[in-house]
Amino acid sequence: MSKRQITFEEIKHNQEISTYIKKGNDLLGAIGFTEHGFAHAGKVAERAAEILTALGYDSRTIELAKIAGYIHDIGNCINRHDHAQSGAVMAFRILDRMHFDAEELADIIGAVGNHDEGTGVAFSPISAALILADKSDVRRSRVRYKNRNEEKLSEDIHDRVNYAVHHSYLTVNPEQKSIVLELSIDTEISAVMEYFEIFLTRMSMCRNAAQFLGLSFELNINNTRLL
């Protein structure tokens with residue numbers, strides 16, 4: 001069967017993919033992780049597309065970044081450990097059955113398999129945009145409702161940091177060749193140092209991804225530049 005260009009909307013409404021996103025989020029909820037469901041998938045997809053749009057990439061590359069962003073965490077339905085690699089294998093199986101073009105398929109599964117800070121590396125515009133979009137999704141609404149009381153928040157640094165973030169903006173400045181992550185953090189809930197304690201590796205990964213795109217990466221917290 002001939003290959004065709006699969007759209008983001010087809011991926012978003014694919015029942016198999018939806019099931020894996022939901023089951024992965026359920027699994028992470030059972031072990032106390034922040035939200036990794038449809039809200040996160042949608043935000044990463046849109047933000048990855050926004051990054052490449054601002055940089056003038058062609059519409060198909062942008063569409064592929066959205067697809068990679070939406071499905072990047074499906075491997076969580078197997079296990080959080082090595083979820084990027086297992087997700088890439090799952091994505092290959094799904095997209096190959098949909099008769100994805102081999103070159104586009106390789107771009108997507110490579111981006112999915114390289115989004116985790118433990119092993120990932122930016123090797124293409126799609127993978128770089130995915131890394132930046134994923135690692136910048138820090139927000140209060142990612143803390144699950146059952147963890148939002150004072151006792152639960154005090155137990156988990158990831159919940160505290162995410163719950164402390166009132167506003168999060170990622171801005172691409174093509175003229176200045178920079179990408180800026182701006183966070184507003186309530187320091188009565190979580191100290192700024194706690195953000196670095198859990199996110200320093202991710203911010204380093206963002207810096208490398210930005211450099212791949214020809215940009216510098218800046219982190220501003222409470223109107224103070226820290227990176």
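Helix axes here are lines fitted to C-alpha atoms over the stretch in contact, and angles between them run from 0 to 180 degrees between N-to-C directions. With that in hand, let us walk through this predicted model, starting with the chain as a whole.

**Overall layout**

The protein chain holds ten helices and four strands. Followed along the sequence, its elements come in the pattern α-α-α-α-α-α-α-α-α-β-β-α-β-β. Its radius of gyration is 17 Å, close to the 17 Å that the globule rule gives for 227 residues, so the chain is as compact as a globular protein of that length. The C-alpha trace spans about 60 × 45 × 25 Å along the principal axes of the chain.

| Helix pair | Axis distance | Angle | Handedness of crossing |
|---|---|---|---|
| α2 (residues 15–30) and α5 (residues 83–97) | within 11 Å | roughly 165° | left-handed |
| α4 (residues 59–71) and α6 (residues 102–113) | 9 Å | about 40° | right-handed |

Take α2 and α5 to begin with. Their axes cross at roughly 165°, and angles over 145 degrees count as roughly antiparallel, which is therefore how α2 and α5 are described relative to each other. On the α2 side, the contact is made by Glu 16, Ile 17 and Tyr 20, while α5 brings Met 90, Arg 93, Ile 94 and Arg 97. By class, the residues of this contact divide into four nonpolar, no polar and three charged.

How do α4 and α6 lie relative to each other? They pack at an angle of about 40°, and α4 and α6 are therefore oblique to each other. From α4, the residues Arg 60, Leu 64, Ile 67, Ala 68 and Ile 71 meet Glu 104, Ile 108, Ala 111 and Val 112 of α6. The residues of this contact divide into seven nonpolar, no polar and two charged.

**The sheet and its helix**

Now to the strands. Four of them form an open sheet with mixed pairing, in the order β1-β2-β3-β4. At the edges stand β1 (165–173) and β4 (224–225); each has a single partner strand, so one side of each is left without a neighbour in the sheet.

Asn 173 stands opposite Ser 178 in β2. The two strands, β1 and β2, form a hairpin with four residues between them, and in this turn Lys 177 has a positive phi of about 55°.

Which helix lies across β2 and β3? Helix α10 (residues 192–212) does, running at about 160° to β3, with β2 covering residues 178–185. As a reminder for viewing the sheet, side chains in a regular strand alternate between the two faces of the sheet.

Technical notes:
Residues numbered from 1 in each chain as written. Predicted model: local features only at pLDDT ≥ 70, side-chain atom pairs only at ≥ 80, totals over all residues. Heavy atoms only, no water. Parallel < 35°, antiparallel > 145°, perpendicular 65-115°, else oblique. Left-handed = near helix turned anticlockwise from the far one by under 90°. Contact = heavy atoms within 4.5 Å. Nonpolar A, V, L, I, M, F, W, Y, C, P; charged D, E, K, R; others polar. Pairing = 2+ DSSP bridges. Rg over C-alpha atoms; globule rule 2.2 N^0.38 Å.
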